[in-house]
Amino acid sequence: MKPLRIIHGALIALVAAAACSSCTAVGPRPWEKDLMARPEMQLVPYPLQTAADEHVYFSKEASSGGRGFAGGGCGCN
Amino acid sequence: MQLKKRKAGRVGRAISAISATLLIATAASCENSAVAQDFYGLDKAGRDNFGPGIAYTEFDGALLIYQEAGGRVQAIEPTANLAIHGARGQQLTLGAVADAVSGATPNGAVPSDRTQTFVTPLKPQGSSTTVTSASGGSTVIQLPPTPGQVASAALGRQYTTAANTLPMDKGFRDHRAALTAGWSQPLGWISEIGGGGGFSREEDYQSITANVRAAKNFNSDNTTISLDLNGEFDSSFPFGGVPTGLSAMNAQFKPVTTRHKTQLGFVLGLTEVMTRNWLMALNYSYDSQKGYQTDPYRVISVVDPVSGEPTSTLYENRPERRKTQSLFWDNKLAFGPTVTELSYRYFTDDWGISSHTVEASERINLAKAWYVEPNVRFYHQNAANFYRAFLVSNAALPAFASSDTRLSRFDAITYGAKIGFRVSGRSELYVRADYYTQSGDGHPANAIGQLRRQDLFAGTKAAIVQVGYQWKFH
Amino acid sequence: MEIPLAATLARADRDYLGAFQAMATPCEVRVETDDAELARRVTGAVEAEARRIEAKFSRYRDDSIIGRINAAGGRRTAVDAETAHLLDFAGQCFDLSGGMFDITSGALRRAWRFDGSDRIPGATDIKALQKLVGWNRVSWRDCCLTLPAGMEIDLGGLAKEYAVDRALAVARAITAAPVLVNFGGDLVVSGPRTGGARWHVAIASVEKDDALAGMLELASGALATSGDARRFLLKDGVRYSHILNPRTGWPVQDAPRSVTVAALSCVEAGMVATLAMLQGKRAEKFLKREGARAWCIR
């Protein structure tokens, strides 16, 4: 159990060091993610609404997909 | 290392979870959250107790009502989704959709300054798609006897279209039911791995889909790269059989009853948290379709080269292969009480179609539990290279031809709004309404004779209303 | 740092022991190290965090967020993220306890003063005050809190345990050395001592100040104690604990003298201990059912 813990600790130190050396990395620091935690900031917060839109546009336009699979799963085209 | 926990009761488990969430979330708003996350064994912050690291279930239900202008298609579609989240990032999703569609749909023929008559196979008795002369504006006709004709198929259905009116088949009615299931979870160094499948059945169509997905988070979870592989296997078994492409429209039952289509594709995705306020996603998709992609009910008029009067009506014909690609760029911006979503999609295929889609929505959280979200969408597409509004009788027949407006050049605009109400911390009710309008060229330069006086663009105008409910629970 | 620090630092066995007074209680932080400078930095950071939380969430200060919320007179108060998380937590605990844990129950303290005396308030006073109690009467949405006029909130039942957990987080950001943070008996350790040894924690007696009721060994996690050791009323032989039932406006009857709970975090331990006390004579049953590691003293 103990050697494992030491290795684990070393790994964390390594990752932390890597994070510090790349201060130009894109994105907020972990404690700046409060807004990203809001449910409405998910890419698809209302899956049934998105599915309905894609279903309608799939059956009325020649383009489909982009957000996800282009298939329609129906013969509505 | 950790306290040996006995089997905790409901309250004990909940307190444990919300305490960890509190400390991680406050560490995030104070400082050094990585330390707290490591210590409490969770890897993401969440303000409520439905965040990552906590087991919960989410139920989504919605009812979609779709109504096209001019008495065309109307659809009612109830849907339900159940997502069961495990404490270690596992997710099981189950979905069900039912669909009832009815109304008139343009059959693809051009309008004429004379009355037009169309014949089509009579759907079998007892089928819910049987059309009576009273309700469907059609009449049952006796077909002229042909050698070897099966007696029971000797009846056809005939419908007429008044002069200067877009020909429509009013016998369109269908039901659909679909089920989906999916699973995903972290596995070793892979942040998310999973797969799923779906089955959809209509009266004349069946679709089976399968997908696998893998995703990896980097850069303190600010970057996610994902790959989705998708497959679809469809079977089309139209009423009256599968017509031969570009053969004359008739009421005979066709000998081929079923055709298939397979589709294989992938989506390569990059999701990036750009700043505290800005989330971005970029997807590249590729799909390859092989098999029957023609609309078996759709026809195309052949017109006289001088008068523009329809002289015959042929079934349409589309290529059996199609390769599509798209690039999708999505942005979500959180400022104050608002969330703005801005997306752009470029789509292109080897049928000659390319399209641009721009969508914008602005969610505004109002005081109390309400929010409003106006949205707008612009769409433009070019025509497929085999799109023809009509064929001319003295010209050679092309290999492929379709007069389907959906394959023509057109613009579409959608505008709408959504109103949501947080019933409690766990549930939300929303209503949204959108209006969709297509506009295209109804008077193309190549129109002949009487066609110059007709509107040759049969685009759609539709209202979309959806009521939905989301409920999260432990 | 604008808050003056006053901690003393002393060598204690294998540890450096930093001590200061905050939140009306003696606070200590033990760092297992030979590095006095490191121990000084950790102690300084812990004290600063304790004073920050005390200043921010004290209900006795007009300039604290709690002071501003309570003085808003029925108007909306916008709160920062940290306060929002604490209010969310308090609200969830209100739901989980069926309204027994309620940060708005402070109004009842205008009638109940737990000073060891026999002054029991009148039933009509309590009835009047009860109209000012109930988290469900509060509007808490979109980072704004609105209290009906006359109501008040008090995070006192939560802030000390929260400060202990926060102090450990602050300490762990500075050092990987084993650390124990103890604010008036609510404590948390960063993990086992060097070499895997456990921390030895004495449980103070509820009867006398200096006597020990027992010894506990702790390798990780937190301990928190809820009890009425020194805060109670005694009348006609009935001992009224300082834990009030917000639903009745009266102290919980037949509660244990103290409940000590071990859990992953001090916030968790403190909340389980508090909910157990609120169960009164069913405290032990509750702790058993919820699978808590706990010690009750009757």
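A polar contact is a pair of N or O atoms within 3.5 Å; within protein, one atom must be able to donate a hydrogen and the other to accept it, and residues adjacent in sequence count only if both atoms are side-chain atoms. The model is predicted, so local features need pLDDT of at least 70 and side-chain atom pairs count only at pLDDT 80 or more, while totals for chains, interfaces and linings use all residues. Residues are numbered from 1 along each chain as its sequence is written, chains are lettered from A in the order in which they are written, and side-chain values use heavy atoms, with hydrogens and water left out.

**Exercise 1. Describe the interface of chain A and chain B.**

Step 1. With contact taken as heavy atoms within 4.5 Å, 51 residues of chain A touch 86 residues of chain B.

Step 2. The buried area (accessible area, 1.4 Å probe, that two parts lose on being put together, summed over both) is about 5,400 Å², and carbon and sulfur atoms give 53% of this area. A:Leu48, A:Lys60 and A:Phe69 supply 13% of what chain A buries against chain B, more than any other three residues.

Step 3. Across this interface, 27 residue pairs are in polar contact, both residues being at pLDDT 80 or more. On the side of chain A that touches chain B, helix H1 (2–21) and helix H2 (47–60) each supply at least two residues; helices here are DSSP runs of H or I with at least four residues, strands are runs of E with at least two, and both are numbered from the N terminus. The largest share, 10 residues, comes from H2(A).

**Exercise 2. Locate a salt bridge between the two chains.**

Step 1. A salt bridge requires a side-chain nitrogen of Lys or Arg within 4 Å of a carboxyl oxygen of Asp or Glu.

Step 2. One salt bridge joins the side chains of B:Arg377 and A:Glu61, at 3.0 Å from N to O.
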